Amino acid sequence: RSVYDGEEHGRFMEKLEARIRNHDREIEKMCNFHYQGFVDSITELLKVRGEAQKLKNQVTDTNRKLQNEGKELIVAMEELKQCRLQQRNISATVDKLTLCLPVLEMYSKLREQMKSKRHYPALKTLEHLEHTYLPQVSHYRFCKIMVDNIPKLREEIKEVSMSDLKDFLESIRKHSDKIGETAMKQAQQQRNLDNIVSQHPRISGGKKSKKEACASSELEVKNTSPMSEQDSGILDVEDEDEDEEVPGAQDLVDFSPVYRCLHIYSVLGARETFENYYRKQRRKQARLVLQPPSNMHETLDGYRKYFNQIVGFFVVEDHILHTTQGLVNRAYIDELWEMALSKTIAALRTHSSYCSDPSLVLDLKNLIVLFADTLQGYGFPVNQLFDMLLEIQDQYSETLLKKWSGVFRSILDSDNYSPIPVTNEEVYKKIVGQFPFQDAELEKQPFPKKFPFSEFVPKVYNQIKEFIYACLKFSEDLHLSSTEVDDMIRKSTNLLLTRTLSNCLQNVIKRKNVGLTELVQIIINTTHLEKSCKFLEEFITNITNVLPETVHTTKLYGTTTFKDARHAAEEEIYTNLNQKIDQFLQLADYDWMAMEPGSKASDYLVDLIGFLRSTFAVFTHLPGDVDVHSTMSGKVAQTACMSACKHLSTSLMQLLLEAEVRQLTLGALQQFNLDVEECER
């Protein structure tokens, strides 16, 4: 600064250059001092340069060799890199396939199950597939296709299982008959077994009472009677079947379609739909089953088939009730049973009313009892059926009365109306065994001898007993008390006596050309039948074990019936005699203008008196016991004589007072007087 401020630039420059020169000299001195070292260094550097060149050449050579060798390694490394990449891809693919394979296997299994119609397992497989396997691989296209197919598969399973159910419903509709038949066989076998068990105590029960002995002996007679031969046991289980195991409903019908369909619909959340469908279809089937065929009343097989179908229907429903949880419930079953009961009873009332054969009505009753017992065994209330059987009992009584009306008519028409002759002890005992008759005087008489009554008496008596047996047969298994059975038998027997037998006797008495001898024999016969009524009372008491002294016991009206018949026969005798008198009087030919009377009574009157004399001889020479004889001679003969005399006197008076007789002579009156005197004589 001081240089720049002053005027001494020149001088400063000089000084500076002097200074530079001094430094140069010092540098030169120093260089000169180190020159040898520098030369040595240069020399060494030159040596180093040679060595460096050699090294460079060696490095270049080594590099070239290394490059040549490295090319193969690079190729190998590229190959290794590719292998590693493939290996990684394979590993990833295996992992993905490991996830996909179970899905495909499950889908394959599902298809196989669908093909083999194992729909419930198929549905379970579908559930697993949808919720467990498909979510893990949902991003694949084939999985999306599967997911889209799942609703269709479900619908297909529903449709197929519903088709199986329809086949099942059709199957049980066809099998109802067979199911019902086997169920009723089982009930029959059980009832037979119960009867055997219940009879054992009686067999070993020691002595029977007198009444039981009588009843059993009477029942033995019953087994040989014509009626018992006609009546077939209704559902006689064949001998070979008795020892065999009777199959149940589950043995005859495969219920698995119902269970499968129920499970499937339950899993699919449509159980209520299924229940409604099943119940609706079964209601339709019930209505079909309960529709009786129009010709059902013609044969027992028609009724049997009808009952079998109903029993089969309810056995199936009972099985479904106890093997499924709520598919059907007790309320639904009870509702169906109420409908079935009302329709069945209505059908039976209608069809049984067409039946006129008592054997068929009896077999029908046995069939209804077995039908009721079978369903009662399954827990169904059957009291209404037994109530209806009491209605059928009235109809049965009517058919019996019609049948016995024919039997009585046949017996009365074929009778010879003459006392039964017996030639030996065997025949005598046989008739006494058939009809309760005891007469000490007749027993003492030597053979041949005659019973006072004709053949229709023991025949009618035995037919009344047969009728009582027939009534008893109907009352079996109706769960009635002995008093009710006794009352039923007595009422029916009273109808037989007061209506059927009474009408038959009246018809015989009133028919044309009936002889006085026949009418007298009818009087004798009815007298003996009247006496037998107390034995019929005892007979009923023996088979029902209800004493006649019991309160409300109905009395037999047989006595009245036979008395009425006897009175009718007596009236007919009087009427017939009067008609005969009228026939003789028609022959009267009075000459009211005769001047002189004849020497004797008119011929017609002599013939008339001869006829009356022979007629009363018939009365006075009747065979039989003292009582009957005195009855005939004392009452009938006297009344007949009085009636005849009264009718004759009235008729003679009418002859005299006829309007056509305008005048008459004393001679005619004297002839008329001769005739009246002849009558008096």
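Residues are classed by relative accessible area as buried (under 20%), exposed (over 50%) or partly exposed (in between), with a 1.4 Å probe and protein chains only. The structure is a predicted model, in which local features need pLDDT of at least 70, side-chain atom pairs count only at pLDDT 80 or more, and totals for chains, interfaces and linings use all residues. Residues are numbered from 1 along each chain as its sequence is written, and side-chain values use heavy atoms, with hydrogens and water left out.

The protein chain has 23 helices and two strands. These elements are DSSP runs numbered from the N terminus: helices are H or I with at least four residues, and strands are E with at least two. Of the 681 residues of the chain, 41% count as buried. The chain exposes about 39,600 Å², and carbon and sulfur atoms supply 53% of that area. Accessible areas come from the Shrake-Rupley method with a 1.4 Å probe; for residues, only the protein chains shown count as cover. Contacts (heavy atoms within 4.5 Å) were also classed by sequence separation. Among those between residues at least 6 apart in sequence, 81% join residues at least 24 apart.

Two helices were checked for length. The expected span is 1.5 Å times one less than the number of residues. Helix α3 covers residues 119–133, and its 15 residues should span 21 Å. Its end C-alpha atoms are 20 Å apart, which agrees. Within α3, His119, Ala122, Leu123, Thr125, Leu126 and Leu129 are buried. Seen down the helix axis, the buried residues of α3 fall within an arc of 160°, so they line one face. The arc is that of the directions from the helix axis to the C-beta atoms. An α-helix has 3.6 residues a turn, so residues three or four places apart point the same way.

Helix α17 (residues 456–475) has 20 residues and should span 28 Å. Its end C-alpha atoms are 29 Å apart, in agreement. Of the 20 residues of α17, 18 are buried, so the helix is largely enclosed by the rest of the structure. Just after α17, Asp477 takes a positive phi of about 65°.

Charged pairs were examined next. Side chains of opposite charge can pair when their charged atoms come close. A salt bridge is a side-chain nitrogen of Lys or Arg within 4 Å of a carboxyl oxygen of Asp or Glu. The count by this rule is 20 salt bridges. In one of them, Asp334 pairs with Arg330, with the closest N and O atoms 3.8 Å apart. Both belong to helix α12 (residues 330–352); they are four residues apart, or about one helical turn. Asp334 is partly exposed at 33% relative accessible area. Arg330 is partly exposed at 34%. Asp603 and Lys600 form another salt bridge, at 3.9 Å from N to O. Asp603 and Lys600 are both exposed.

Salt bridges that share partners join Asp61, Arg64 and Lys65 into one network. Within it, the side chains of Asp61 and Lys65 meet at 3.7 Å, N to O. Asp61 and Lys65 are four residues apart in helix α2 (residues 9–115), about one helical turn. Asp61 is partly exposed at 27%, and Lys65 is partly exposed at 49%.

Tyr35 also lies in helix α2. At 52% relative accessibility, Tyr35 counts as exposed. Together with Phe38, Ile42, Leu45 and Leu46, Tyr35 makes a nonpolar surface patch of about 520 Å². Patch residues have over 30% relative accessible area and no salt bridge; like charges are joined within 9 Å, and nonpolar side chains (Val, Leu, Ile, Met, Phe, Trp, Tyr) within 5 Å.
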